[in-house]
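Me: Could you take me through this model? I would like to begin with how the chains are related.
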Protein chains: 2
Amino acid sequence: MQITVLAGGVGGARFTRGLLDALPPDGPDDPPSVTVVGNTGDDITLVGLRVCPDLDTLLYTLGGAVDEAQGWGRAEETTAVARELAALGVGPEWFTLGDRDLATHLARTRWLAQGLTLSQVTERLAARWGLPQQGVRLLPATDTPIETHVVVDDEEGGERALHFQEWWVRHHAALPAHRFTVAGLAQASAAPQVLDAIRSADLVLLPPSNPVVSIGIILGVPGVREALRGTRAPVVGVSPLLGGRPVRGHADACLRPLGVEVSASGVAGLYADFLDGWLVDTADDPGTVDYPSGLRVRSLDLLMRDQEGAARLAGAALELGRDLLGATAGRG
Amino acid sequence: MQITVLAGGVGGARFTRGLLDALPPDGPDDPPSVTVVGNTGDDITLVGLRVCPDLDTLLYTLGGAVDEAQGWGRAEETTAVARELAALGVGPEWFTLGDRDLATHLARTRWLAQGLTLSQVTERLAARWGLPQQGVRLLPATDTPIETHVVVDDEEGGERALHFQEWWVRHHAALPAHRFTVAGLAQASAAPQVLDAIRSADLVLLPPSNPVVSIGIILGVPGVREALRGTRAPVVGVSPLLGGRPVRGHADACLRPLGVEVSASGVAGLYADFLDGWLVDTADDPGTVDYPSGLRVRSLDLLMRDQEGAARLAGAALELGRDLLGATAGRG
């Protein structure tokens, strides 16, 4: 079974790792076949180095090298370079590059400078982390550099735009956002294999990633939304909101500027044109909450407390996907 | 007293630190006034980062941050980034960038990319290491990127050129060199203040740095040799060879391709057109060895066994310089 996942950072990576745990191998020697399309809107250039936070979180998590408590960055990380950069007055104080993590950015920057695409760079990094052996292919949503900006109030009563990372990491998404803009997105094209991975999948999954600044950015890459609408695969999503609150991150602060209700139902509405199945928390049971018509909604405990919990959740998404596949086959 | 020093890496840095120890302050609150012109021929770009080995050795040594046993690199250094780069298959295996050292290269590369000259970058790094407070100004010999290459035999009976660092660090200068070439040198110009620092000095010192690939490169920067010939300051050098052998480094392997005798006298011959005073080891006493005529030669124990030994040696160079100054004044 070919599964395609559209993922942001921590939530997407944990869900995808759970998916690999939940998926039985296709055959005795066949790993599962999972394509992960990662968000690149958070990408940023720091001290001349190209940083791709979501792709790296996916790489480290699937490679078994992530800082588990934090959810991103490398385990047993040190910060010798960052401390020396601070002594030199170089780089933003609000973003600490760990030493091991920095090597990833150095390699990526070097390879990009040599003319490789972000897809090719990501393929090399994925090889270092053993993703192919796990049957996982990691694709950036686009090879075109894009950057999510957040428009907030400035101090003179006007507006200013800041890089998403600055808003998220430095200001903890606490500056009220008026809107999000994505530099380069309209001119971007989907990275090679992305549209095909959606069109030819047996199942498309949306992890509980941020619907605006993670999955929303991927959906904004020209062609992606159309591929989702057109694919014959069921598209199954997991709500990032439980009882109207995000488990982690700041999905609420991202939904409000869009005028979208901060709820499992509100997020489902964002995906209504292509979503077939929707997993929500028991707090958002379809018996008590209205969802877009035609959407197959199933409720369960959505919290990924640990890797086992993530596998259980991914298993439920797989099951819903299989049920929908069966229904589609029945319709066919 | 204005002193200008033309320096390579380890030997030049240790000698210059000894000089600061040996120099009395000009006044109660006046630090000494020392300009160090550093060799940039060893500079190399690794993993996209601009590395200036000799300037860095000078910075770390004068800044009290050098690895004393090794003579270069940072004390208490770690190599987390380098190990990860190796896992990624990036960068040459024969050159290990320490984490703290790497931050210097990152900052330098960033600042150069922003349009600063190497002089301006070096001034910023010198500020981080407290050089101005010590009365020291560090100048690269040139802001023009230059690179020393070594021509050796290739495997098909022809010749090939490799970067000086590869010859020195990877091959330990053991591949017989046919000649040295310096890419960019003929078109280079001396960095701002370099020629003036030589012309307007009260004393010019040549530490026991490599006469070919360190001081020789500085001398090759257009205008430097003329400035040395024209300065009214005495020029006092310290032999890098003791009894015909280098204390450290591979001066012998660098002199042979030039057809220059591997001796204190041979090196003095390379400087004959501007050298006034020459400190040699007791093994090379002018009573037993011939030196260019007109050269004031003084012998002593040249080994810099420790920082105190370096101060003693620098003190002897200062004394010879003062004697020559007195003689010049007497002649005037």
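Reply: Copies are superposed by least squares on the C-alpha atoms of residues with pLDDT of at least 70 in both. This is a predicted model, in which local features need pLDDT of at least 70, side-chain atom pairs count only at pLDDT 80 or more, and totals for chains, interfaces and linings use all residues. Residues are numbered from 1 along each chain as its sequence is written, and chains are lettered from A and ligands numbered from 1 in the order in which they are written.

Me: What rotation superposes chain B on chain A?
Reply: A rotation of 180° does so, with 0.0 Å of shift along its axis and an RMSD of 0.0 Å. That is the relation of a two-fold axis.

Me: Which C-alpha of chain B is nearest the axis?
Reply: That of Asp99(B), which is 3.6 Å from the axis.

Me: Now the sheet in chain B. What is the strand order?
Reply: The order is β7-β6-β8 in an open sheet of 3 strands, and the pairing is antiparallel. Strands are DSSP runs (E, at least two residues), numbered from the N terminus, and two strands pair if DSSP finds at least two bridges between them.

Me: Which strands stand at the edges?
Reply: β7 (159–163) and β8 (179–183) of chain B; each has a single partner strand, so one side of each is left without a neighbour in the sheet.

Me: And how many bridges join β6(B) to β8(B)?
Reply: There are 5 bridges between β8(B) and β6(B), the latter covering residues 147–153. Among the residues involved, Glu147(B) has Ala183(B) in β8(B) as its bridge partner.

Conventions. Helix = DSSP H or I, 4+ residues; strand = E, 2+ residues; numbered from the N terminus.
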